[in-house]
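Hi everyone, thanks for making time this morning. I'd like to walk you through one protein and the contacts between its side chains. Please have a look at it first.

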Amino acid sequence: MSDSWTREYSQVKNASDEVYELIRERNAAASGTQTSSETGPQTTADVHKLSAHCRRKLQALSTKITSLERNLESEGKNGLTQREASRRTELVHALRLRRDQLKDMMSKDNRQSERTKLLQGSTGSSGTPRETDATANLDSRGILQLQKQALRSQDDQIEELGQAVRNTKHVALAINEEVDLHQHLLDDLDGAIDHTESYLKFAKRKLQQVSAKSGSCKYIMIMILLIVVLALVISMAKMLN
């Protein structure tokens, strides 16, 4: 393999290995496990830069593979044996598969990062996301749908709680009205009792006055009766004489 196509193939293969290492570095940084001895832990901005760099490298790799395939077709017309042409075609096909795998690595990690963010959002913290039985078999879309269902359930619970509070308010208002009515009745009862007490005092005074007057009349009647008896006795004494 000393011709120009072979050298070009080696360059493209090395480029695919370089892209693979870049994607690994980018994935490790995105998962928070990559730490540089010079700059420390990778930041979100660093991850975005690595992602953009990986995409550019993948695009360049696709261009190089296409160029390698065109050069193979040109060399095939210049007397390349069928066996060598088939072998080189398989090499190009392997490079295309390798490129597709690298693209899958990028997209899979993007989906995983998105899933991780969704899990973090569902736990309400910025720490390590917790996997549950409900999310174990779900992708990012499924987790998002699960979160929407949870939010709808929370909204329903809040609505039920609000309705219970409103019902409690109505009951409290009804109890307050009942208390006010009882207070008015008690006030009226107090007034009636005061009026009755005043009337009883008045009646008691009248009875005392009548009783006093009745006592004086009795003494008078006794005196009159004694005078009458005395007069009768005197009359009878005169008649006997």
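Let me begin with a rule: a charge sits over a ring if NZ of Lys or CZ of Arg is within 6 Å of the ring centre and within 35 degrees of the ring normal. Here, Arg98 lies over the face of Tyr20, at 4.8 Å from the ring centre.

Two notes on what you are looking at. Residues are numbered from 1 along each chain as its sequence is written, and side-chain values use heavy atoms, with hydrogens and water left out. This is a predicted model, in which local features need pLDDT of at least 70 and side-chain atom pairs count only at pLDDT 80 or more, while totals for chains, interfaces and linings use all residues.

Now the overall layout. The protein has four helices and two strands, and along the sequence they follow the pattern α-β-β-α-α-α. Helices (H or I, at least four residues) and strands (E, at least two) are DSSP runs, numbered from the N terminus. Buried residues make up 18% of the 241 residues. Buried means under 20% relative accessible area, exposed means over 50%, and partly exposed is in between, with a 1.4 Å probe and protein chains only.

Let's go to helix α1, which covers residues 4–30 and includes Asn27. Is Asn27 buried or exposed? Asn27 has a relative accessible area of 14%, so it is buried. Its side chain makes a polar contact with the side chain of Arg26, at 3.2 Å. A polar contact is a pair of N or O atoms within 3.5 Å; within protein, one must be able to donate a hydrogen and the other to accept it, and residues adjacent in sequence count only if both atoms are side-chain atoms.

How many aromatic pairs does a search of the whole structure find? It finds one. The rings of Trp5 and Tyr9 have centres 5.8 Å apart and planes at 5 degrees, so the pair is stacked. For the cut-offs, rings of Phe, Tyr and Trp (its six-membered ring) pair if their centres lie within 6.5 Å; planes under 30 degrees apart count as stacked, over 60 as edge-to-face and the rest as tilted. Trp5 and Tyr9 are about one helical turn apart, because they are four residues apart in helix α1. Both Trp5 and Tyr9 are buried.

On to salt bridges, where a side-chain nitrogen of Lys or Arg is within 4 Å of a carboxyl oxygen of Asp or Glu. By this rule there are eight. One of them joins Asp17 and Lys13, with the closest N and O atoms 3.9 Å apart. Asp17 is partly exposed at 31% relative accessibility, and Lys13 is partly exposed at 36%. And here our opening residue returns: Lys13, Asp17 and Arg98 are linked in a network of salt bridges.

In helix α3 (residues 82–123), Arg88 and Glu84 lie four residues apart, about one turn of the helix. They form a salt bridge too, with the closest N and O atoms 2.8 Å apart. Arg88 has 4% relative accessibility, so it counts as buried. Glu159 and Arg166 also meet in a salt bridge, at 3.3 Å from N to O. Glu159 is partly exposed at 47% relative accessibility, as is Arg166 at 38%.

That's my tour; I'm happy to take questions.
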